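Subject: Structure handover

Hi,

Here is the structure for your review. My notes follow below it.

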Amino acid sequence: MADDSGDTARQPFSKLALEDLEVLSGKAQLLIESARDAAVEPHRRKVLRHFSASEILQYLGNISIDTLYRRLKKDELLPQGAQVSARRREFSLQEIHQLQRAFGITPRRASGKRPLVMSVCNFKGGVAKTTTAAHLAQYLCLHGYRVLAVDLDAQASLTQMFGILPHTEVPSNQTARPFFEGPGDQNGEPNPDWTGTLATAIQKTHWDQLDLIPSNLGLYGAEFAIAARIRSEDNFLFYRILADGLDTVKDDYDVVLLDTAPSLSFVNSNALYAADALVITLPPAFMDVQSASLFYELIADVVRTINQVQGDQKTFDFGAVLLTRFKPSDAIHQKISSWIRSSISDTFTHAMVQTVVLEKLGPRLLTLYEVDHSEESAKYEGDRRAFERAIEAMNDVNGEIAQAIHAVWDRQPQKERASPRQALRAVNEAASVQD
């Protein structure tokens, strides 16, 4: 039978054996490498664009362009940017951060405030968790926060968003997996990849002040390792592993973002326990709302179990729904969004709007913040007005989340019990003074 296009009949599909699957895996990997190389051409890794002088004003306290140039002229030690044309001066992200520090407008947490660990979560796939995590991390970074992004999904989509090929450029001993495995295996042999810290898994990215703990398919092995540790280790608290690991690194950051897998798993249970706050991504569609109700039920079951074991109450600083993939012109989306907001009061006011601009950037491994769309730039080929609407909507979402982060810090007492890493640092400093 001919197909609908009128072509000749397709040959029957071949049988699929193990060796065929291995060949297909290799072909798929080559396809991914080719797509990544095309996306980052002419470089081998992603390189962040520079930002125009008019664009960086929003990150410098919304000062005027005249005020910026006047300050730069007054202090030649400040980064002056690069004059790329008569009408355009550009600055790197590192230079933006230097100017923020010089102008005293960095929004970092105050001394004595703890870093916020935030999980972007939902047990359903296709709800824009990675899109949310990537854009939020970059938004916070642009505004001067120190951010650690942690990819906890073996599919490693967040890792790929940073231009890193997870299965060829990320060894499994440079993911969170060794920390989940622990210092020894179930036979009592030492784990050669164990370092006692997550610091050895952290990679610098092409974004200044935004670091990444990447992932790859090997992270799935953490599930089996945790199950083995539950059987072999007495009094083993399986849900604490990630929290203990983050305690070794999080003092260097303001915000730690966890991008989780679309599943209920040991690793995701760890993410729930480690998190101070939850951003629950939810598209306004019937199937997604149904999944969200199950998600809350599963969270409750996990937290109930943790409370019983810990003997105290696990409390999140906040757990709010973020409407994603929202189409403002869609009547069904409007109605379901209204239902969600009336039922779940802790829903962010702004929604992540589904735009053609965002859809087109995904295959190019780009976020909205990585595209130069300024009027004086000839690099952006799309409709600038559409882009402006897309990035304004994204900024509204991320700005609201940033406000929620600061509200948490505002509620914290100025001085809290030092984390294990802070305590160790204090001991070392005291020892060095005595010496």
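First, a definition: two strands pair if DSSP finds at least two bridges between them. Helices (H or I, at least four residues) and strands (E, at least two) are DSSP runs, numbered from the N terminus. Strands of a sheet pair through backbone hydrogen bonds, either parallel or antiparallel.

This is a predicted model: local features need pLDDT of at least 70, side-chain atom pairs count only at pLDDT 80 or more, and totals for chains, interfaces and linings use all residues. Residues are numbered from 1 along each chain as its sequence is written, and side-chain values use heavy atoms, with hydrogens and water left out.

Overall figures

The protein has 16 helices and 10 strands. Of its 435 residues, 48% are buried. Buried means under 20% relative accessible area, exposed over 50%, and partly exposed in between (1.4 Å probe, protein chains only). The protein exposes about 22,500 Å². Carbon and sulfur atoms supply 52% of that area. Accessible areas come from the Shrake-Rupley method with a 1.4 Å probe; for residues, only the protein chains shown count as cover. Take the contacts (heavy atoms within 4.5 Å) with a separation of 6 or more: residues 24 or more positions apart account for 77% of them.

β8 pairs with β5 in the parallel sense, over 5 bridges. D151 has D259 in β8 as its bridge partner. β4 and β8 are also joined in the parallel sense by 5 bridges, and M118 stands opposite L257 in β8. Further along, β9 (residues 277–282) and β10 are parallel over 6 bridges. There, L282 is bridged to L323 in β10.

How enclosed is β8? It is largely enclosed by the rest of the structure, because 5 of its 5 residues are buried. Both faces are covered. V255, L257 and D259 are buried on one side, V256 and L258 on the other.

Helices on that sheet

Axes are lines fitted to C-alpha atoms, for helices over the stretch in contact, and angles run from 0 to 180 degrees between N-to-C directions.

α5 (residues 129–142) and α15 (residues 384–411) meet at an angle of about 70°, with axes 10 Å apart. That makes α5 roughly perpendicular to α15 (65 to 115 degrees; under 35 is roughly parallel, over 145 roughly antiparallel, the rest oblique). From α5 come H135, L136, Y139 and L140. From α15 come M394, N395, N398, G399, I401, A402 and I405. The contact has 7 nonpolar residues, 4 polar and no charged. Ala, Val, Leu, Ile, Met, Phe, Trp, Tyr, Cys and Pro count as nonpolar; Asp, Glu, Lys and Arg as charged; the others, Gly among them, as polar.

Two buried loop residues

L368 lies in the loop between α14 (356–361) and α15. It is buried, at 1% relative accessible area. Its contacts, leaving out residues up to four places away in sequence, include H135, L361, F387 and M394. L368 and F387 are 19 residues apart along the chain, with 8.2 Å between their C-alpha atoms.

D276 sits in the loop between α11 and β9. It counts as buried at 14% relative accessibility. R114, P115, L116 and F318 are among the residues D276 touches, with the same exclusion of residues up to four places away in sequence. D276 and F318 are 42 residues apart along the chain, and their C-alpha atoms are separated by 7.5 Å. α11 (residues 266–274) is itself mostly covered, with 8 of its 9 residues buried.

The three-strand sheet

This open sheet runs β1-β3-β2 with antiparallel pairing. β1 (51–52) and β2 (82–85) are the edge strands. β2 and β3 (residues 88–91) share 3 bridges, and A82 stands opposite E90 in β3. α4 (residues 93–103) packs on this sheet, touching β1 and β3, at about 85° to β3.

Best regards
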